[in-house]
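Below is a short briefing on one protein model.

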Amino acid sequence: MIRLSLTHRMARVWLAIALVAGVSAYGFTGSAPSAEAAQSGTSLSLTTMSPTEANSSSQTVNLGGQLKVASGQTYGDVIVQLDIIAIQNRSEMSQGPESSADETQLSSVQDHLGDVSGTTAWSLNPTVAQMGLTPGTVYALDVQAWSGGLVLLGSVRTYLPYKITSGSSFTATQLAVLVPVTAASPLDGYQYQPKDNGSPWDEATSNELVSQMGATGSLSTLLTQGEALKGVDLSWAVDPDLLDTASAIQSGYFVAAGEGADDQAGSGAANASAWLKLADSVLGKNGELWQLPSTDPDLGSLSNLSSAQGEQFVNVSAAQTAKSTTLAASTQRKPLGLLAWPADGQVDTSALALSQSLNPTAVVTASNSVNLTADGGRYTPTGRASINGKNNITVADSDLDAIMSGDAADAGYVTAGSDSTLLAKQRLMAQTALIAREEPDLSGSRTVLITLPRSSAESSADMSVLSALGQADWVRASGFSTLVGARPDPKSSTGHLTRSAAVVKTDLTTAQLDQAVSLSSQFSLFQSILVGGDSSDGLSLAVERTVSTDWRGQPGAWGTFAAAVQRRLTGQMGQVYLIQKSDITLSGTSGSIPFTVHNGLNQRVRLGLNFSMKPTGRLDISSVAAAEIPAHSSRTIQVRVTSRSPSATIQVTAYLVNPAGAHYGGAEGDGSQTLQVSVTSIGFVALLLFAGSAALLVIAVGLRIYRGRRGSRKKPGTREGD
C-alpha cells in the first residue's frame, strides 16, 4: 500500500502533460484528459460485490463489473485498481477522493486488462488484511480504470462498513420505514349503465392506473416486494381512495374517449380485482397500517392558495376519509391513524398549517425542510420535533430518503451499467453505520425515519435495498408508531421552515389551481340545490382528485382529467334549467309571466327565481322563494309584474337561485333566460275620447233610425175605398 502524497499527485498531472504527444501509443488520438476526469466515451461499471459488511481480516472482498470502451477505440496497458478512503462522518459521504487525506491506493491488488476495446470484464479480490481496514470504520471504495497510468477511463464508488459494532455495546439505531401506497385515481365522477343493465360502471380518463395494478405493474411490484422483505418491518401509508377506486372498477368500467367519440369498455377490471386481493393480503398482515387523507391532496401546492381555499379542499378530503370504509373492510384492520404528508416532506409555514388543519396523528416532514439538527450537527437526532407548540411532527432523514429516490450524491463516480440497487444498498449500509457510530451511541436508542418516494414506479425499484436493514446488526427496523410515540430529542432543534426549490418547481401551476378552485366552486353550487340525500359523491371525489399529489409533474394527464371532470360537472348542472320562452306583451300595467323550471336529475332539487332588467326602474317584479321540484319533472311558476310606464319595452333576465340566493348558472349561464316584455297601457284622456266617440256614434245611429221612420210616415196614402 502506498500513500498518495500531494507531490505524487502533482507529478502524475505534470507527467500527463509532458507525455501528451505520446498518448497515441496507448491506442487513441487527441489530447489526453487530466487524471481527475474520465475519458469521454468509456465507462466503468460495478455489478457484483460481496460481502456487504466486512467482519474478518482474512475475509475476501469480491468486486466485479465491466469496462466499456467507445466503438472504434482501443486503449493499451489498462489496469483496474482500488482506492480506499476512511469515512469519518456523514458529511464526507459525497466528497471525492481528492478531498480526503486518508486515501490509500491499493497498488498490490490490481486487474491488468492489457489492451482493451469493446467491453471487458474486470474483478478485484483483495482480503480485508490487504486493504488495511480498521474495525469500527466505514470505507469508500473507489474503483478506477487507467490506461498507461495516465488516462482515467472510468471510476465507480461504493461503500464497505467493517465491524461496526466491534468493541462497543451501543443500542442499535431504530429505523422506521414509511411506504406510501397511492396513485392518482382516473375516475371523473361519471357513470354509465352497461348493456346488461347491471350496476352502473364508472368512467375513467385512462388505463394508466389499471396498468400499474397489473402483475408486473409498479403498484403490484411494490406490494409483492414489500411482502418478500425478511426481517424488515414496513409501515404502509395508504390512500383510501386508491382502494375505493379498485373496488369500484373491478367489475367493469368505461374509458372516456373525449368529445365527439364513443367511450369504450375498459380492459383492466381483472387487474383491479387481482390487485385489490393482493392489497387485502399484504396490507392486512405485514407491518403497520396508516392512512393518508382520501385522494392524497397536494398540501404543498394547496398552500399557494388562500387559507380558505386550501382548507376547503382539505376539509372535503377529511370528510371523505371518514366516510370511506374500503381500507378497513378489505384488510380487516383499523388504520393506526391519519398522516399528513406534503410532497417530499417539504413544508413552509403555510404548508405546515394546512397539514395540521387535518388534525392528523402525525405530519411527515423532511429534515432538510425543517432543518432538524442536534448539538451543532454532531449526531443524528430522533426524528421527532415540536413546531408551533405541536408535537405531531415526524422528521424523515433527507440523506436516507435520497438513497431511496435514486441518490445522485455519487453521480460523478457511478456510470451506466452499474447495479443501482447494489450501490444504493451499500450506501444505506454506510449511512446507517455512521449514524450508529455517532454520539450519543451509548445513551439509548434513537428512531430515525426513512420514507420511500410517492411514486410507486420509483419506490418498487428500491424496495430490495431495504434488505440491508435485516443484515446489519447496528440498525433495527421498527414501526412508524415507535417514532410517533417518541419524545423530541431535548438537544435537537429546528430552524427556518423551507420548501426546496426543486419541489416548489413541480407544484401544480397557478392555472391548474385556478381551474381546480373553479371546479370546487361550481360543485358547491350544484350540491347546494340537491334535496333528499346527496347523490353527487362521485363528482365530489372527482373534483377533489384534481389536487392529488400524484399529478405533480404530469401536466398532460392532469389536463385530460380536469377537462373530463369539467365536462361531467357541466353536464350534471345543465340538467336543471329554465325552459326558454318567447317575448311577451302585457296589455295593461300589470300581469303574470309564466316561467318553467325543468329538473332532469334523479333526485329532487330546491330552487327559486330572481330577476334583473334593463332599463331599471320600469317594472316591479318580485323574486320567487326557493321551492322543491321533483326528479325528472317540470314546474311552472307564475310571476306577477307591474309596469311603472304606460308603454315600454323592458329586457328581463330571469335566473335560478339556490336556497341561499346564489345565482345558479349566473346571469348568462344555463340557469337563466332573457326575454323582452312589452307594455301597452291606455291613458285617461284616451279613455274619454273613446267614450265620447262611442256616444256620438250611438247618437248618430239613433238619429238615422229616427229620420228613417219619420220619412216613412210622410208618404202619400191610398184613397178611402181603394
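In which sense do E10 and strand E11 (residues 201-204) pair, and over how many bridges? E10 and E11 pair in the antiparallel sense, over three bridges. Two strands count as paired if DSSP finds at least two bridges between them. Helices (H or I, at least four residues) and strands (E, at least two) are DSSP runs, numbered from the N terminus.

This is a predicted model, in which local features need pLDDT of at least 70, side-chain atom pairs count only at pLDDT 80 or more, and totals for chains, interfaces and linings use all residues. Residues are numbered from 1 along each chain as its sequence is written, and side-chain values use heavy atoms, with hydrogens and water left out.

**Confidence**
- The protein has a mean pLDDT (the predictor's confidence in each residue, from 0 to 100) of 84, and 84% of its residues reach 70 or more.
- Over residues 1-36 pLDDT stays under 50, and the model has 48 contacts (heavy atoms within 4.5 Å) beyond four places in sequence for them.
- Residues 717-722 also have pLDDT under 50 throughout, with zero contacts beyond four places in sequence.

**Four-stranded sheet**
- The strand order of this open sheet is E10-E11-E13-E14, and its pairing is mixed.
- Its edge strands, each pairing on one side only, are E10 (187-192) and E14 (264-265).
- Trp201 in E11 stands opposite Tyr192.
- Helix H19 (residues 555-573) lies across E10 and E11 and runs at about 45° to E10; axes are lines fitted to C-alpha atoms, for helices over the stretch in contact, and angles run from 0 to 180 degrees between N-to-C directions.

**Helix pair H5 and H6**
- H5 (residues 240-249) packs against H6 (residues 269-285) at an angle of about 130°, and their axes are 8 Å apart.
- H5 and H6 are therefore oblique to each other (under 35 degrees is roughly parallel, over 145 roughly antiparallel, 65 to 115 roughly perpendicular and the rest oblique).
- On the H5 side the contact is made by Leu242, Leu243, Ala246, Ser247 and Ile249, and on the H6 side by Ala269, Ala272, Trp275 and Leu276.

**Five-stranded sheet**
- A further open sheet runs in the order E25-E32-E31-E27-E29, with mixed pairing.
- E25 (584-586) and E29 (624-629) are the edge strands, each pairing on one side only.
- From one strand to the next, the twist averages 30°.
- E27 (residues 605-614) pairs with E29 in the antiparallel sense over four bridges.
- Arg606 stands opposite Glu628 in E29.
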